[in-house]
Amino acid sequence: MKLVPKSPNGGSRKAEPLLSGGVPGFKKPVSRSRTIRIDFRNVAIAPESLMDKFVIRGGNPLVGSVRISGAKNAALPAMAAAILTDEPVILENIPDVRDIHTERNLLVSMGADVELGYGRASHRTTISCNNLVNPEAAYELVKTMRASTLVLGPLLARMGRARVSQPGGCAIGARPIDLHIKGLERLGATIKQEHGYIEASAERLHGGHIIFDKITVTGTEDLMMAATLAQGETIMENCAREPEVTDLAALLTKMGAKIEGAGTHTIRIHGVKKLHGARHRIIPDRIEAGTFVIAAVLTGGDLQLTNCDPSHLGSLIQKLEECGVSIKAGTDSMRVTNGHQLVAADISTEEFPGFPTDMQAQYMTLATQSQGTSIITENIFENRFMHAHELVRMGANIRVEGSRAIVRGKTPLSSAAVQCSDLRASASLVIAALVADGETIIDRVYHVDRGYERIEEKLKGVGAQIRRIGEILPKRAAAPSVVA
Ligand code: EPZ
């Protein structure tokens with residue numbers, strides 16, 4: 001993915017790799033790890049990378065070692081948490097993915113100072129929100145990444161007001177944020193919704209008792225952040241227990257917040273007057289790790305994953321062992337070897353520690369190669385089977401009935417031109433292409449770039465035949481599929 005300096009009329013000039021001096025007047029620092037200050041208001045996503053495709057020749061076992069990046073879904077709330085203090089917050093192990101760049105744009109648009117690490121420090125960012133002038137998350141940014149709404153609670157708590165665009169619908173479901181709003185109102189916020197924006201204000205939030213109607217990950221994170229600066233105690237029940245929630249609480253505690261119970265269904269927050277700066281290392285990305293585990297299993301590889309945390313993947317590892325896979329898990333690494341015929345096993349997606357919905361699509365690809373019938377039940381999002389239609393184009397036998405998909409295997413997969421519809425659906429297609437016979441062309445890979453750091457380089461590094469290409473290909477490729 002390329003970031004390019006915006007031309008004066010807001011369009012984008014010719015693409016130049018960012019960190020090798022793309023920015024006008026940028027001089028390469030001499031030392032190996034210095035931070036550079038980049039004015040993200042003048043950087044845009046190179047339009048042509050929105051047309052990128054992957055060409056993958058299947059049939060190569062993945063052999064070797066892959067280093068897992070930091071978790072996108074932990075980094076995003078952690079960056080929003082920087083709003084809660086006027087002192088610098090230093091975050092390490094930040095993944096270099098598109099959503100992180102969007103979040104940086106968002107923070108800078110409010111007046112934050114974002115420094116990006118370089119060289120050995122390239123996964124570090126320092127965020128200073130000592131001069132927030134514009135507590136607003138504009139539609140232009142929120143529409144590209146719904147997690148932008150995570151700034152709502154922190155802005156309200158720190159600035160006493162916030163204007164955040166309603167996120168609107170998403171490929172995988174309606175995904176309203178009514179529970180965020182209800183929670184903030186219980187902490188004393190006045191909230192109006194008009195012209196597609198949420199206008200929130202509160203002199204100072206006060207503690208309260210919140211019972212979430214439904215378990216919501218970013219809802220728990222948003223309210224937890226807001227409550228850190230509220231007057232008095234907040235008790236939140238039916239909270240999400242995802243590792244990303246616990247990681248955010250760890251950062252907030254380093255910033256001086258008083259939080260108990262993160263990682264359980266009940267979280268208590270004793271509000272404080274002020275928070276201070278901190279340095280925090282983001283947890284590894286369990287979904288990226290799970291994606292590589294399934295890719296290794298299906299290609300019959302022998303893969304070592306490093307910088308990961310197997311304890312965050314208990315339900316996936318258990319399910320794969322049920323399918324006949326052997327996984328050696330260490331404290332921060334995993335080794336996946338597979339030579340056996342997979343047997344079918346059902347899954348149903350649940351909140352953590354249940355089977356993660358963000359691994360459902362990748363598991364569906366695995367089920368197409370398992371002997372027998374696997375029933376996949378999606379309980380979290382109402383429209384998260386878009387990938388099934390593309391897998392059928394590659395020869396899979398899948399029938400979708402409402403929130404269930406019935407997968408009959410094993411069926412050989414053959415190459416085809418397919419397209420991504422959302423982040424995790426894209427991962428399932430990349431894995432299918434690694435297994436399929438022939439050369440598969442995957443369109444709209446900008447979805448992959450949102451949450452996977454340099455996936456094609458990581459895959460190539462362990463033996464996959466994959467390359468990223470631009471617009472030229474369509475002339476030679478089979479007509480792309482029509483997705484409803
Ligand atoms: C987080 O989304 C993740 N995103 C998602 O990962 C993940 O799929 C999801 O949690 C579930 O694990 C980030 O952390 C940035 P929810 P979030 O609120 O918080 C309903 C990926 O691939 N709901 O836990 O938005 C909602 O519609 C992404 O990396 C309400 O009804 O999910 C859904 O059905 C995709 N009202 C359910 O709750 C609300 O106010 C769970 O959603 C909030 C949620």
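Is D86 buried, partly exposed or exposed? I looked this up first. D86 is partly exposed, with a relative accessible area of 34%. I keep in mind that this is a predicted model.

**Entry: the partner of D86**

I followed the side chain of D86 to K274. The two meet in a salt bridge, 3.0 Å from N to O. I then placed both residues. K274 sits in the loop between β16 and β17 (278–281), and D86 sits in the loop between α1 (72–81) and β6 (89–92). The pair therefore ties together parts that are 188 residues apart in sequence.

**Entry: the sheet with β16**

Which strands make up its sheet, and in what order? I find an open sheet of 4 strands, ordered β13-β14-β16-β15. The pairing is mixed. From one strand to the next, the twist averages 15 degrees.

I checked the edges next. β13 (209–211) and β15 (258–260) stand there. Each has a single partner strand, so one side of each lacks a neighbour in the sheet.

I went on to the pairing of β15. Its partner is β16 (residues 267–270), and the two run in the antiparallel sense over 3 bridges.

**Entry: salt bridges**

How many salt bridges does a search of the whole structure find? I get 25. I picked out two more of them.

D52 and R468 came up next. Their side chains meet in a salt bridge at 2.9 Å, N to O. This pair links distant parts of the chain, 416 residues apart. D52 is in the loop between β3 (43–45) and β4 (53–57), while R468 is in strand β27 (residues 465–469).

D52 has 9% relative accessibility; buried means under 20%, so D52 counts as buried. R468, at a relative accessible area of 21%, is partly exposed.

I also asked which residues are linked with D52 and R468 in a network of salt bridges. The network holds D52, D449, E456 and R468.

My last pair was E401 and R399. They form a salt bridge, with the closest N and O atoms 2.7 Å apart. E401 is partly exposed, with a relative accessible area of 36%. R399 is also partly exposed, with a value of 41%.

Key
Residues numbered from 1 in each chain as written. Predicted model: local features only at pLDDT ≥ 70, side-chain atom pairs only at ≥ 80, totals over all residues. Heavy atoms only, no water. Pairing = 2+ DSSP bridges. Axes fitted to C-alpha atoms, helices over the stretch in contact; angles between N-to-C directions. Salt bridge = Lys/Arg side-chain N within 4 Å of Asp/Glu carboxyl O. Buried < 20%, exposed > 50% of the residue type's maximum accessible area, 1.4 Å probe, protein only.
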